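Here is a friendly walk through some terms for a protein model, taken one question at a time.

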Amino acid sequence: MKKIGILFGQENTFPQAFVDRVNRINPPGIFAEFVTIDKVMQGADPGYAVIVDRISQDVPFYRSYLKNAAAAGTAVINNPFWWSADDKFFNNALAEKIGVNVPRTVLLPSYKLPDDTTDKSFRNLIYPFDWNSIFEYVSFPAYMKPYAGGGWKHVYRVEDKDDFFHKHSETGQLVMMLQEEIDFSQYYRCFCIGGKDVRIMPYNPKHAPHQRYQADYEPSAELAARITEQVLTLHQHLGYDFNTVEIAVRSDVPYAIDFSNPAPDADIHSIGAEHFEWVVETSARCAIERAIAQKPGKDNLTWGKFVHPGRAKAKAVAAVEKKKTAAPKAKKTAPEKEKKTAAKKSPAKKQQKEK
C-alpha cells in the first residue's frame, strides 16, 4: 500500500478536500492522509510515496524533513532542494533567457548589514551603487519587493528616486528587487499542476485581498494560448509540480510578474468554488500519478530543464566510470576456440539440425 501525505499549516479547506478526493478516486493500493511526524532519523523512510508540501517555506524543520524523505525515495511536491535554491530574481533572469516576457528588474543590497557582518564583509561592493543607471533602466513608478519573498509581504510602490530612498530605508536586512511597473489592462493568476495542466484565473492585485478574483475581464483565445505557453515554458525549466504564475497584460503582451509561488493560496474562500474544484481534482490526480510512478529508494523528485543538463552529465560520467571499473570479459583460449569450431563442423550436430 502506498501513502500520499499532505503537510500543511494554518490553511483549512484545501488539505481536507485533497485527502478526501484522492480517497474518493480510490486508486488501487493508494490512499491519502495528513502527514504525521513523531521522529526524524537520518535516511529513514517516512512511509510516504508522495508528500504534498504546503508549509515548509515557513518551517525550516519541515524543509529538512522533506529533503531527508526525498533521499529515502519520497516524491515531494514541490522539490525541496530546488525550492530552497530558487528565488524571484533568478526566476526573472531565467525567464528572459527562455523567451518569456518579464519586467525590467534589478537586485539591491540590503539597506542594513546582515548579522555577523561588517563593512569589511562587503569589500567587493562599490557603494553608493550606480543609482542613476538603475533608475534609468527600471524607470518610475516601480515596485520594490523582496527577492525571495511571497504573500505580498514588504511590497512597495515607489513613485520616484526620493520615494525609493525613503522606502528602501524601511527594509532593514531584506534583500530587495526594484522592478518596472507594468501598467496592465488585464491580469491573471495561473495555476500550473504537474507541469502540464494550466488554469487561467482573472485576478486584480489592485483590489482588496478578498476581492482580487473578482475581475471583469477574460482572455481571448489567442491571449489564453500565449499565456498557457509561457506558463508551461516556465514550469518546464523550473520543475515545479504545483505553482502559480501571475501574468500582467500590457498592450496585448503578457508579462510574467511573479512565478515562484510553490505553496500558492488554494483556499475556497479566496479562489472561489469553481477554481477550487479544479485545483483539488487536478492536484489529487497529479499526486496519484506520482505515487504510481514512485520507485522506493530512488530519486522521485521533479527536476526542471535548468538543472537537468547537470544531472544528465553526472549520470553519463558515472556510466563511464562504471564501465571502466567493470571486470573485463575473459578471453577465449586457443583450445576453447578450436573446440567451438570443431563443434560447428561436427557431423552429429549437422544431422540433428537436418532432422
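**Salt bridges and what surrounds them**

Glu-289 and Lys-196 form a salt bridge, with their closest N and O atoms 3.3 Å apart. This is a predicted model, in which local features need pLDDT of at least 70 and side-chain atom pairs count only at pLDDT 80 or more, while totals for chains, interfaces and linings use all residues. Residues are numbered from 1 along each chain as its sequence is written, and side-chain values use heavy atoms, leaving out hydrogens and water.

Q: What makes Glu-289 and Lys-196 a salt bridge?
A: The term asks for a side-chain nitrogen of Lys or Arg within 4 Å of a carboxyl oxygen of Asp or Glu. The N and O atoms of Lys-196 and Glu-289 are 3.3 Å apart, so the pair qualifies.

Q: Why is Glu-289 called partly exposed?
A: Buried means under 20% relative accessible area and exposed over 50%, with partly exposed in between (1.4 Å probe, protein chains only). Glu-289 has 44%, so it is partly exposed. Lys-196, at 46%, also counts as partly exposed.

Q: What makes Asp-241 and Arg-290 a link between parts of the chain?
A: Their side chains meet in a salt bridge at 2.9 Å, N to O. Asp-241 lies in the loop between helix 7 (221-238) and strand 11 (242-250) and Arg-290 in helix 9, so the pair ties together parts 49 residues apart in sequence. Both Asp-241 and Arg-290 are buried.

Q: How many salt bridges does this rule give?
A: The count comes to 17.

Terms used. Helices (H or I, at least four residues) and strands (E, at least two) are DSSP runs, numbered from the N terminus.
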